[in-house]
Amino acid sequence: MTLKLDKKDFHSFLQNLMNDYELFAPVQVAEGVAVYKKIEHPLEAARFSLNPQKPAKEVFFPQSETMFRYGKVGVKTEVTSTEKVERKRILLGARPCDLQAVSLLDEIFQGREYSDPYYINKRQATTVIGMGCSQPLSTCFCSSMEGGPFSRNHSDIFLIDLGEAYLVEVLTEKGKAFEKNPFFKKATQKDLKAAKSIEKNASNQVGAILSLEGIERKLDQMIESPFWDRVQERCIGCRVCTYLCPTCHCFDIADETLTTKGQRVRNWDSCLSSLYSQETSGHNPRPTNRERTRQRLMHKFNYFPKNVGRIACVGCGRCVLYCPADLDIRETIKEIQKG
Ligand code: SF4
Ligand code: SF4
């Protein structure tokens, strides 16, 4: 069903949602910088035309998350888990690339081998209101990575920005629960035509420019290649590309204890960190930046496809946009393809 939401009703619409749901939306935290956060007031939600700097994975897999708390009560130790999600949630305004990335995280956190209640509970409690990317950047290459700026995959409801209003497409059973929202109106033929034109323009801007054909096999033969020396030469190991990547999902777990009580916390980690692979013996199987930059790319284009059958990059372009050393993963892919 196709509906529309006038922008003048946007904040009332959010308030209406917040009566029954926790709402996660892009929030501006600095000039030109937005991240996904739980909002307490409709005015906090930023109507950002650009993809937020930090990916939507954070709604399901927070940068830092307490897993449980513990403490001594008399002679006993009491443990309180934080895995339960108390209220239903909405993720608003997530871009197709970030949602494709969440579907990759599903393979890890609710996959065949592991079942992570912290992630799964949040995922199951969440209705996703995706947003078409009508102003893709020159760094975006989602169309080369099995996606597209208007891919509806993994959204329950999908919004297209028409200027004065949003076109609202209800896509799944979960999304149908919102069909009767008092702020939705019936979309007109003119709205549908405008949406088609916006979608066509954006899709033309993000053409499929990269070929991944045979990349897994090529990388199999490149483990000892001098290519990795060239890749690592410019990389300063800042790890920005991994923390901002919507598909990266490494974490570390730490206990924070104070006298008789404490908490176990998991925090994002990065394979580009020198300590990441260091063993307790002191031996580090990835002792230099060469092995670490190789690991990042091997994981995305070789190990993940081998283990899960999918490429672990969605072409969001964040690693291109924010790398302080101007490294461009698209160029790296092209060089690998040249052999
Ligand atoms: S953002 Fe750039 S410099 Fe920083 S670790 Fe990634 S590739 Fe290296
Ligand atoms: S590797 Fe770069 S372009 Fe690909 S998903 Fe991660 S941040 Fe986005």
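**Figure 1. Pairing of strands β2 and β3 in the predicted model.** In this predicted model, Val33 of β3 is the bridge partner of Ala30. Strand β2, residues 22-30, pairs with β3 in the antiparallel sense, and six bridges connect the two.

**Figure 2. The eight-stranded open sheet.** The strands follow the order β3-β2-β6-β7-β8-β9-β1-β10, and their pairing is mixed. Strands β3 (33-38) and β10 (184-186) form the edges, each pairing on one side only. On average, neighbouring strands of this sheet are turned by 30° against each other, direction ignored.

**Figure 3. The four-stranded open sheet.** Antiparallel pairing arranges the four strands in the order β5-β4-β12-β11. From one strand to the next, the twist averages 20°.

**Figure 4. Pairing of strands β4 and β5.** Strand β4, spanning residues 64-73, runs antiparallel to β5 and is joined to β5 by six bridges. Opposite Lys72 stands Thr77 in β5. In general, the strands of a sheet pair through backbone hydrogen bonds, either parallel or antiparallel.

**Figure 5. Surroundings of ligand 1.** The residues around ligand 1 include the run Cys235, Ile236, Gly237, Cys238, Arg239, Val240 and Cys241. Leu272, Cys323, Pro324, Ala325 and Leu327 also belong to this shell. By class, the shell comprises 10 nonpolar residues, one polar residue and one charged residue.

**Figure 6. Arg239, a residue with positive phi.** Arg239 lies in the loop between α7 (227-234) and α8 (240-243). The phi angle of Arg239 is near 75°, a positive value in a residue other than glycine. Is Arg239 buried or exposed? Arg239 counts as buried because 20 other C-beta atoms lie within 10 Å, and the criterion for burial is 20 or more. Arg239 is also one of the residues surrounding ligand 1.

**Figure 7. Asp326, a residue with positive phi.** Asp326 occurs in the loop between α10 (318-322) and α11 (329-338). Although Asp326 is not a glycine, its phi is positive, at about 60°. Asp326 counts as exposed because 8 other C-beta atoms lie within 10 Å, and the criterion for exposure is 12 or fewer.

**Figure 8. Surroundings of ligand 2.** Ligand 2 is surrounded by 13 residues, the closest being Cys245, Cys313, Cys316, Arg318 and Cys319. The shell around ligand 2 divides into eight nonpolar, three polar and two charged residues.

Key. Residues numbered from 1 in each chain as written. Chains lettered and ligands numbered in written order. Predicted model: local features only at pLDDT ≥ 70, side-chain atom pairs only at ≥ 80, totals over all residues. Pairing = 2+ DSSP bridges. Axes fitted to C-alpha atoms, helices over the stretch in contact; angles between N-to-C directions. Near = placed C-beta within 6 Å. Nonpolar A, V, L, I, M, F, W, Y, C, P; charged D, E, K, R; others polar.
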